Every structure is written in structure tokens, then in C-alpha cells.
Amino acid sequence: MPSLILGLDSSTQSLSAVVIDKDERRIVHETGMQFSDRFPHYNTVDGVLRDDDPTLVHAPPLMWVEALDQLLLSLADTINLADVVAIAGSGQQHGSVYLKSGMNDCLATLDPKQALHLQLREQFARATAPIWMDASTADECQRLTDDLGGSDVLCQHTGSVAVERFTGPQIKKFAEQEPAAYAETAHICLVSSFICSLLAGRIVGIDYADATGMNLFDLRQRDWHAAALDSCGAGLADKLQSAIDPCRFVGAVSPYMQQRYGFHAGCQVLPFSGDNPCSLIGLGLIDEDMTAISLGTSDTLFGHMTALPAQMSPCAHTFIAPTNHYMLLLCFKNGSLAREAVRRDCGLDWEGFSAAVDSTEPGNNGGFMLPWFETEIVPRVMQPGVHLHGMKADDHNAMCRGVVEAQMLSMNIHAAEAGLQPGSIRVTGGASQNRSILQVMADVFQCPVDVLEISNGAALGAALRALQASEQCSWDAAVADFTAVDERRRVMPRTACADVYASLAAQYAAAERAALSVV
Ligand code: XUL
């Protein structure tokens, strides 16, 4: 019996695939390709196109199409794609693709002997797609906020205050600055729904989860927010078409997919979703109090919630989760960049950094810092600056503990503000290998911390979503065998630290408020 499931992830830098066997409950194949290495003719660096204006960051959607063709051809060499019963995928969030009215006809009449990108190249109303790294829409964010009656109204309806990288402000900018190209645009997709459309052979809607990263979707109504659509572009409801349930298949793979790559006619396609919503599943976060922290270039904290908080926090993004419940995401820009800066300034390697953290007492003798080595997203800090309180920059041991404590305190304070009180934390990303950092995390949050060794969390999460939809099983049954943690490696909180960090958190929050009122 065919039992394979394919999960794809079209991320900023690469396209990857995870193939799982649903009967054996294991990963059978993983592969990927870097856009810039494999497709240099699109002139991207790390998958993106930059401009002299540093706020402008786009990517060529045709490159994603060519990558899909190449990846599926190479997968067909390794596994029997006729054994794939379901496909789902993930895409970098917020990026948008603008298509002409001929796209659906073109998808329906593709020639399987020819590569996908060669047949679709005339269908783009905009050659490049603004992506999540683009920050050029401050003005549009302000005007969208004003049109909706203030940032609180926008946040309570759509789950986020207006954010430069979110799709609504990006569409608004395009509609206003390039009206002719906007008029020629019949369909607007996100990266996720665009790749899904290629597989389904027709333009499919945006799923509820990724729709909540646009500043356009009403979380409670589960429908587009009419006033936000009106503010961002004429006729937008038609261009976006209805948003769709992330748990329901859109249909079978297209005839082109069957003939060119060998998929079976019965292979079902699930709506693709954003990379963070898919990672939520790939990390096994399906219960109320489960939280994950990804310690990467920036640190991201996200958690699953079965109900919406009464008040949406302005510093968090509230998304619909692929489980059709909710998820909270907080993004801290000063992640490993800040840890790295302190390590370098202290002239230490990572072993030395850990030894310095371990040689100091929890609470750093009352000293702490506000770790804004760069501008910060949470809290919003536009003027970088490291503020030291009761500690000195030449005390290397205190600085090493200080930067880690500051990051954990800030995450804990802002997660709590957003209604998230972790009962346990799953941690991934480069710095999750550092036990000293994990001990501070456990002590500050006062909960156990588990390391999850998963390299393709978003693609795996997509595959697990398709597994759940095809078996109609519980989420627990879908993820359990793929996301188990090794309890022997669990880092436990030291209860003796609870009071120290409760008092330090109060001081930290007060210092942060004071600093934000002057910067
Ligand atoms: C989340 C965000 C990024 C992108 C790229 O809001 O902008 O995490 O999803 O991965």
C-alpha cells in the first residue's frame, strides 16, 4: 500500500523536502537545494535581491518555480513518487506573488515535456515578490493603522499591529505606486499558496494560518477584514479569493504533476502554510501550554493556544495555527548576534563563554543589562544601545551571564504579557547545544527545557499536517513518533532561583519601560 507523504518548505534561502512513511512512522528521505547556488542566473544572494535602499528586499518567484521543478525531478530519481498519498508544504511567511489573469488557464494546460518555469514566465504581473525581510512600508503601515481606527483596533482584529513585512502594507504600497501593474494583477498569492497552486494545477486560496500574517484577516471571523482590504487595494477580495481551512485537502495533484514527475492521480494536496505555523507542528507543539524557543540569528518564541487571549498583545503576533487553534509568535532580533558580540568582546570561545556563565550566580549579584546591540523588534527599539545596570562592561563573567539572563528575562516578560506561561519549553537552533544557556532558560522560566534535534522543522511539520489530514487522526497521534524528546537530556529548573529571577524580572521590566520612554 502506498504510504509516503511529502512535506516541502520554500524558505528564504532554499527549497527542502522531507518524505515520511506514515505506516512506519519515520522519515525516509530528506533533501534540499540552495536557491543562490543552484540557480545563479536569478542573481540572488542567499535567495534574495537587495537594492541600494536597504529596506527593499525582494525575491524572484520564477526561481522558486524552477527550484520546485528541479527538486521534484531529483526526488523522482530517488523515491517512487507514485507512492506519495499526500503533499503539504510550508513557505516563508508574508512574501507575496502577483499573477495575471491567464495563470489559471496556463496551469490547466501545461505541457509535461517542458519545465514549469519556462511555461509560467509570462504570467507574473510583478517580476519580483516583496518578502518578509522588506521593511519599506512604514508609511503604508501608518496609513493602514489610521484607516482602521488605530493600532489597537488593527491588532485586536488581525492579531498584529501593522508591520512593515506583513503583506497588507506591501500590497498597499504596490497598488498605490504601480497602479497599472496592480490593475493587471488578477491573483495575489502568498509564497505558501503560490507553491500549492503549482501542485494543484489551479490557484488555491491562502490558508487561515498564513492569512493571519497579512494584517488583512479577521482572526475571529475567519474571513478577510473588509476595512483592511479597502485600505490596501481596490478589488482586493477578488484578487485574494476566499481563505481556506488548513486541515482540508484542496484536491488531487494536477495532471501535469502526474505526468511529469510520476505522482499518482489520487495523491492529495493540503493547503500550504507559513513556515512558523508549520514549524509549530514539526516541533510537536499541539497542546495548550507547549512553547518552543528557536535560538538562531534572531530568537523566536512561539506557542500553541487553544483559545484567543482576551486582549491581543501589541508585541506578539497571534496567528491561527494549522490545528485551527491559535499560535503566538514573538521575534527577538538580538539573538545569537548579541551573544556573539559579548563573546567576541570578552575574547572568549564558546567554551569560555559557557564557563563564564557557569562561574557566576543566578541573578548576577543584582546586575543586568538591556541587550539592544541592534534595533529590536520586541520590544520595539529603533535606537540600538546596551544599557548596563549594576554591572560593568569589563567584568567579562558578568557580561556573559548578563546577556543570556537579559534575553531570557525579556522573552519571559513579553511572553507573559501576551498570555503565554510555558509549562515546558522545546528548544531548537544553533545555541540549543549550549547547556549553560539552557540552564539559564530553565531557571528564568522555571520550567523544564528539552532540546529537539530537528533540522527541517517546517518541512517535517508540513508532512505531519498532511499525515493528520489523511488519517484524520488526533494531532498527538500524528506528531508523537516524530517529535519525541530525549528526557535524559532534559534541563530542569532550580527552584531556588525562582525568587531571584522574580525580583530581577521586575527590575528589568522597570528599566525597559524607563529606557523606552526616552529613546
Ligand atoms: C515571521 C517572519 C519570518 C519568516 C521567514 O513573522 O517574518 O520568520 O516567516 O522565515
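1. A charge is taken to sit over a ring if NZ of Lys or CZ of Arg is within 6 Å of the ring centre and within 35 degrees of the ring normal. In this predicted model, Arg343 meets that description over the face of Trp350, at 5.0 Å from the ring centre. Lys239 is likewise placed over the face of Tyr182, with a value of 4.5 Å from the ring centre.

2. Tyr182 also belongs to an aromatic group: ring pairs link Tyr182 with Tyr98 and Phe174 into a cluster. Across the whole structure, the search returns 8 aromatic pairs.

3. One of these pairs joins Tyr208 and Phe217, whose rings are stacked. The separation is 5.8 Å centre to centre, and the angle between the planes is 25°. Phe217 is paired with Trp224 as well; the ring centres are 5.2 Å apart and the planes stand at 80°, so this pair is edge-to-face.

4. Are Tyr208, Phe217 and Trp224 buried or exposed? Tyr208 has a relative accessibility of 16% and therefore counts as buried, the cut-off being under 20%. Phe217, at 0%, counts as buried, and Trp224, at 11%, counts as buried too.

5. The packing of two helices is described by the angle between their axes and the distance between the axes. For helix 16 (residues 350–358) and helix 18 (residues 435–445), the angle is about 35° and the axes are 8 Å apart. On the side of helix 16, the contact involves Phe353, Ser354, Val357 and Asp358; helix 18 contributes Ser436, Ile437 and Val440. By class, the residues of this contact comprise 4 nonpolar, 2 polar and 1 charged.

6. An α-helix has 3.6 residues a turn, so residues three or four places apart point the same way. That spacing may be kept in mind when the contact residues listed above are inspected in the structure.

7. Helix 17 is mostly covered, since 17 of its 22 residues are buried. Gly419 follows helix 17 and has a positive phi, near 95°.

Methods. Residues are numbered from 1 along each chain as its sequence is written. This is a predicted model: local features need pLDDT of at least 70, side-chain atom pairs count only at pLDDT 80 or more; totals for chains, interfaces and linings use all residues. Side-chain values use heavy atoms; hydrogens and water are left out. Axes are lines fitted to C-alpha atoms, for helices over the stretch in contact, and angles run from 0 to 180 degrees between N-to-C directions. Helices (H or I, at least four residues) and strands (E, at least two) are DSSP runs, numbered from the N terminus. Contact means heavy atoms within 4.5 Å. Ala, Val, Leu, Ile, Met, Phe, Trp, Tyr, Cys and Pro count as nonpolar, Asp, Glu, Lys and Arg as charged, and the others, Gly among them, as polar. Buried means under 20% relative accessible area, exposed over 50%, partly exposed in between (1.4 Å probe, protein chains only). Rings of Phe, Tyr and Trp (its six-membered ring) pair if their centres lie within 6.5 Å; planes under 30 degrees apart count as stacked, over 60 as edge-to-face and the rest as tilted.
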